[in-house]
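Biologist: I have a structure open and would like to go through some side chains with you. Shall we begin?
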Amino acid sequence: MDPRIERVVLILADISGYTRFMLANQTALVHGQMVITKLLEAIIREVEIPLEVKEIEGDAVFLYAIKPDDEAAWKETRRLIGRKLVSFFEAFARGILAGSEFALCSCPSCQNIDQLKLKIVVHSGEAVFHKVGRFSDLSGVDVILAHRLLKNSIPSDEYVLMTEPAYRDIEFPTEVEVTRGEEHYEGFGSIRTYTYLTEGASAPGPAAVERLYANRGRAFATGLRMLAKGYFGQIPVLLSRRPKGHYRDLGELPVRPLARAAIALRAIVLAPLLIPLGVGVQAYRVLARSTLSARRRRA
């Protein structure tokens with residue numbers, strides 16, 4: 001593929017509190033990364049063309065949309081981006097809810113899922129599309145600026161930060177209140193920004209809990225999947241010297257091979273005892289919560 005320049009909208013959806021969350025307890029690193037992975041997957045499931053995922057960058061999803069030349073197509077793209085920015089927060093909140101409601105493990109990672117928040121950076125500009133070997137890449141000054149904007153002066157962990165070009169390019173489904181500001185970066189100078197504070201968007205409300213337990217079978221199945229992953233999903237990861245795939249970041253953290261093996265062994269030994277107990281607890285929680293939800297609806 002010959003290098004080509006395209007006009008693009010760049011989006012970085014970043015999980016706030018990732019480092020603090022992962023370092024809370026080193027013995028819970030695998031569960032912590034599993035939580036982060038599920039939340040990133042929840043965001044990715046919301047992506048649809050013309051938005052595309054460029055890559056996963058640790059605790060962030062890097063997306064882009066190429067600006068079409070057709071005016072009608074561009075109007076629809078602007079609307080879709082606005083809708084998706086909102087839906088990313090909704091998907092993240094659902095992931096936080098599921099993780100919090102069905103956490104049967106007592107490790108710090110599983111018990112503190114609700115501390116994680118979502119922040120999104122959006123910038124419009126140009127990017128160079130090219131290949132390095134067999135890999136496609138996206139580069140350019142505007143790509144660098146979008147990543148620099150993740151380090152900013154906003155005193156919040158939940159927001160959509162847009163540069164002036166991005167703000168002009170986005171059409172939200174409803175009117176949103178934004179705050180004007182400026183960020184300063186070496187080499188870029190002063191960057192005018194518009195910030196949409198979304199505090200509370202990552203916290204699922206009572207209505208979301210009601211919907212979750214409205215279908216008992218679905219809630220029970222969700223709990224069992226999380227239970228199985230919590231006990232068995234960590235074993236191959238811990239036994240490997242350098243985890244692969246979504247767990248590759250764990251290879252950079254200071255966990256000795258002996259500690260990995262010990263945690264994996266603990267999971268193997270305790271699973272036959274704790275899995276039946278977990279199934280029973282999960283069934284009780286689903287029945288209790290769904291019964292309470294039904295009473296509330298009747299009231």
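Biologist: Which backbone oxygen lies 3.0 Å from a polar atom of the side chain of Ser 16?
Modeller: That oxygen belongs to Asp 157. A polar contact here is a pair of N or O atoms within 3.5 Å; within protein, one must be able to donate a hydrogen and the other to accept it, and residues adjacent in sequence count only if both atoms are side-chain atoms. Please note that this is a predicted model: local features need pLDDT of at least 70, side-chain atom pairs count only at pLDDT 80 or more, and totals for chains, interfaces and linings use all residues. Residues are numbered from 1 along each chain as its sequence is written, and side-chain values use heavy atoms, with hydrogens and water left out.

Biologist: Is Ser 16 buried or exposed?
Modeller: Ser 16 is buried, at a relative accessible area of 4%. Buried means under 20% relative accessible area, exposed over 50%, and partly exposed in between (1.4 Å probe, protein chains only).

Biologist: And what is Ser 16 in contact with, leaving aside its neighbours within four places in sequence?
Modeller: The residues in contact are Leu 116, Lys 117, Leu 118, Lys 119 and Asp 157, where contact means heavy atoms within 4.5 Å.

Biologist: Where does Ser 16 sit?
Modeller: Ser 16 is placed in strand β1, residues 4-16. Helices (H or I, at least four residues) and strands (E, at least two) are DSSP runs, numbered from the N terminus.

Biologist: How many bridges join β1 to strand β4?
Modeller: There are 13, and the two strands run antiparallel; Val 9 stands opposite Ser 124 in β4. Strand β1 is also joined to β3 (residues 60-66) by 7 bridges, again antiparallel, with Leu 12 opposite Phe 62. Two strands pair if DSSP finds at least two bridges between them.

Biologist: Changing topic: how many salt bridges does the structure hold?
Modeller: The structure holds 13, a salt bridge being a side-chain nitrogen of Lys or Arg within 4 Å of a carboxyl oxygen of Asp or Glu. One of them pairs Lys 67 with Asp 169, with the closest N and O atoms 2.7 Å apart.

Biologist: Which parts does that pair tie together?
Modeller: Lys 67 lies in the loop between β3 and α3 and Asp 169 in helix α6, so the pair ties together parts that are 102 residues apart in sequence. Both Lys 67 and Asp 169 are buried.

Biologist: Which residues are linked in a network of salt bridges?
Modeller: Glu 76, Arg 78, Arg 79, Arg 83 and Glu 171 are linked in that way.
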